[in-house]
Amino acid sequence: MGFRQSHVLSEDEHAWVRQNVLRLRLGHGPRDHGAIAVPRGVGQLDELSLARLALLLGVSPRELATRPEDLAAHLRKKLTHATQLAAAGAPEDARAEAEAAWQEALRLAFPLSARHAADFLARQALAAQRPLEAITWILRALTTPLDADTAHRSDLVSRLGAALMLTERYDVAHAVLQSVTDLPTPANTQALIAHAASLLLQGRFDDSVHAYSRVLEASGNLAPRAEAQAWIGYGAALGLVGDVPGALAATARADEIHQRDPMPDLITGLNANELWCAALAAPWAEARRLVADALHGAHDPFARANLYDTLVFVLCRGRDWPAVWATCTEALALLRQGAGGSRMLKARFLWARAVAARHLGRDGALQDREWAEDLFDLVGSRGHRSLLPPWPDDPCSAGAASLLDGPDDAVHLGQGIVGRESEPHRASAPLGFEP
């Protein structure tokens, strides 16, 4: 800032100092600012008194005598540059620029700019699969003073829930998302979808069906991506409660949206729903072949781990306990190599291997069972036990109803998936694994 020879600020600069001092005193909270006093008379604030004020407030004299709108514009420019760096494929540079903007916004007491910077950093961390970092930045964004935009708050909370689900704390994610699901408005559609997904991942499949139904009440008024995600999730939930026709119908609705507005990243979900329906309702040998074929063509480690999970389900249907034990052991080895590191999948494989070992009279069954139960409790997904074979010594599991028991209504699976006409399927509980 260039001072005149008299070292006295102009009338405009004097007004900017007063505005900045007031904002900084309010923004910095309960600091001891009792000694801060800006001379009221124009022309009475010289370079020395300005430097004293700046030192007390933790800013530079130049910043203190700059128009507040210009300071805010400088912060917006830094965030715009960070966005451009991210779009240009320089995420680390974008991260450094946004972190610098966040620190500067806090120092200059511009909470809205600080929130935007934290929001940007949270999105970047979530996209890079760094959930703990994303949670940190989302909490920082939520704890800065918010404006009256409830849609933005819902978006932040839904992303906080998504980050928590990446850490596999499904019960905690559900508790967080519950706070923004009171009204099914367009403002919190993503929060409602994430809430339904959290129920699904906890193993509360019936509740998840109802939650997705709530989202789809607004079907037709949703953005194509949100509607497709909701139909895929609804199809998955229906499949997990045993409603194969409903699951296939929901998946078909999602596929129709995909055909109109291609979203290649959703194809995995569409295929997974159809394959799960085949695992439930196709003849046992055919279901096993279909899952094995899909596994043979999958190269992504996490996708392979999920396919192993479906294969274990099919093998449990056929009570092929040696194959269950071997497949679970192979899948656990894959997880140890870093295939997504899913503790829920690890718990499912440990439980199924424990049951298989118990049937086969092998050592290690009780240890696997204990580890599985600990992991189910840790991630808050004990409900997934309903999809796994019952413990052989459990009297409560004797005579459990089979998913495959039902009337002789035809089950029509999707294209390329062989269904069974003579032994159809209906929803039942608890879930069984009879071939």
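How many residues has H6, and what distance does the helix reach from its first C-alpha to its last? In this predicted model, H6 has 17 residues and reaches 24 Å between those two atoms, close to the 24 Å expected at 1.5 Å a residue. The helix covers residues 111-127. Its buried residues are Ser-113, Ala-114, Arg-115, Ala-117, Ala-118, Asp-119, Phe-120, Leu-121, Ala-122, Ala-125 and Leu-126. After H6 comes Gln-129, whose phi is positive, near 60°.

The protein chain as a whole contains 19 helices and zero strands. It has 435 residues, of which 48% count as buried. Among the contacts in the chain with a separation of 6 or more, 63% are accounted for by residues 24 or more positions apart. The accessible surface of the chain comes to about 20800 Å², and carbon and sulfur atoms hold 55% of that area.

H6 packs with H4 (residues 68-87) at an angle of about 10°, and the two axes are 10 Å apart. Angles under 35 degrees count as roughly parallel, and H4 and H6 are therefore roughly parallel to each other. On the H4 side the contact is made by Leu-75, Leu-79, Ala-82, Thr-83 and Ala-86, and on the H6 side by Ser-113, His-116, Ala-117, Phe-120 and Gln-124. These residues divide into six nonpolar, four polar and no charged. An α-helix has 3.6 residues a turn, so residues three or four places apart point the same way. Of the residues that H6 brings to this contact, Ser-113, Ala-117 and Phe-120 are among the buried residues of the helix.

Leu-71 also lies in H4. Its relative accessible area is 9%, under the 20% limit, and Leu-71 is therefore buried. Not counting residues up to four places away in sequence, Leu-71 touches Asn-20, Arg-23, Glu-63, Thr-66, Leu-108 and Phe-110. Leu-71 is 33 residues from Glu-104 in sequence, with a C-alpha to C-alpha distance of 10.0 Å.

Glu-104 is placed in helix H5, which spans residues 91-107. Because its relative accessible area is 16%, below the 20% limit, Glu-104 counts as buried. With neighbours within four places in sequence left aside, the contacts of Glu-104 are His-74, Leu-75 and Lys-78. Glu-104 and Leu-75 are separated by 29 residues in sequence and by 7.7 Å in space, C-alpha to C-alpha. Leu-75 is also one of the H4 residues in the contact with H6.

Thr-310 lies in H16. Its relative accessibility is 11%, so Thr-310 counts as buried. Leaving aside neighbours within four places in sequence, Thr-310 is in contact with Trp-276, Ala-279 and Val-291.

Note on methods: Residues numbered from 1 in each chain as written. Predicted model: local features only at pLDDT ≥ 70, side-chain atom pairs only at ≥ 80, totals over all residues. Heavy atoms only, no water. Helix = DSSP H or I, 4+ residues; strand = E, 2+ residues; numbered from the N terminus. Buried < 20%, exposed > 50% of the residue type's maximum accessible area, 1.4 Å probe, protein only. Contact = heavy atoms within 4.5 Å. Axes fitted to C-alpha atoms, helices over the stretch in contact; angles between N-to-C directions. Parallel < 35°, antiparallel > 145°, perpendicular 65-115°, else oblique. Nonpolar A, V, L, I, M, F, W, Y, C, P; charged D, E, K, R; others polar. Areas by Shrake-Rupley, 256 points an atom, 1.4 Å probe, with all protein chains shown as cover. Expected span 1.5 Å × (residues − 1).
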